[in-house]
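Hi everyone, thanks for coming. Let me put the structure up on the screen, and then we can walk through one part of it together.

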Amino acid sequence: MLQDLAACKRTEIDFLNGAVVQRAKEYATDAPYNAFITSQIHFMEDLRTNSN
């Protein structure tokens, strides 16, 4: 992921932590750490793509 961020590419965060968050919702539970990491990586992706 770090290499993707450095190259201003989209990461695979949705397939990793995003999938955990989605599965937790299906089972009516929370995955707060995974949700936080997912949102932070999306934020970093947005910063990289908007700065170009």
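Let's begin with T38 and its neighbours: T38 touches I13, D14, N17, G18 and V21, leaving aside residues up to four places away in sequence. Contact here means heavy atoms within 4.5 Å. Before I go on, please keep in mind that this is a predicted model, where local features need pLDDT of at least 70, side-chain atom pairs count only at pLDDT 80 or more, and totals for chains, interfaces and linings use all residues. Residues are numbered from 1 along each chain as its sequence is written, and side-chain values use heavy atoms, with hydrogens and water left out.

Is T38 buried or exposed? T38 is buried, at a relative accessible area of 9%. For us, buried means under 20% relative accessible area, exposed means over 50%, and partly exposed lies in between, using a 1.4 Å probe and protein chains only.

T38 lies in helix α3. Helices are DSSP runs of H or I with at least four residues, numbered from the N terminus. Helix α3 covers residues 32-50, which is 19 residues, and it reaches 27 Å from its first C-alpha to its last, close to the 27 Å expected at 1.5 Å a residue. That expected span is 1.5 Å times one less than the number of residues.

Which residues of α3 are buried? They are T38, I41 and E45. They sit on the same side of α3, because they cover an arc of only 70 degrees around the axis; the arc is taken from the directions from the helix axis to the C-beta atoms. On the other side of α3, we find P32, Y33, F36 and N50 exposed.

What do the buried residues of α3 pack against? Their partners are α1 (2-6) and α2 (13-26). Now look at α2 and α3: they pack at an angle of about 145 degrees, with axes 8 Å apart. The axes are lines fitted to C-alpha atoms, for helices over the stretch in contact, and angles run from 0 to 180 degrees between N-to-C directions. On the α2 side, the contact is made by I13, D14, N17, G18, V20 and V21, and on the α3 side by N34, A35, I37, T38, I41, H42 and E45.

Finally, a stop at the loop between α2 and α3, which is where A28 sits. A28 has a positive phi of about 55 degrees although it is not a glycine, and A28 is exposed, at 76% relative accessible area.

Notes: Helices (H or I, at least four residues) and strands (E, at least two) are DSSP runs, numbered from the N terminus.
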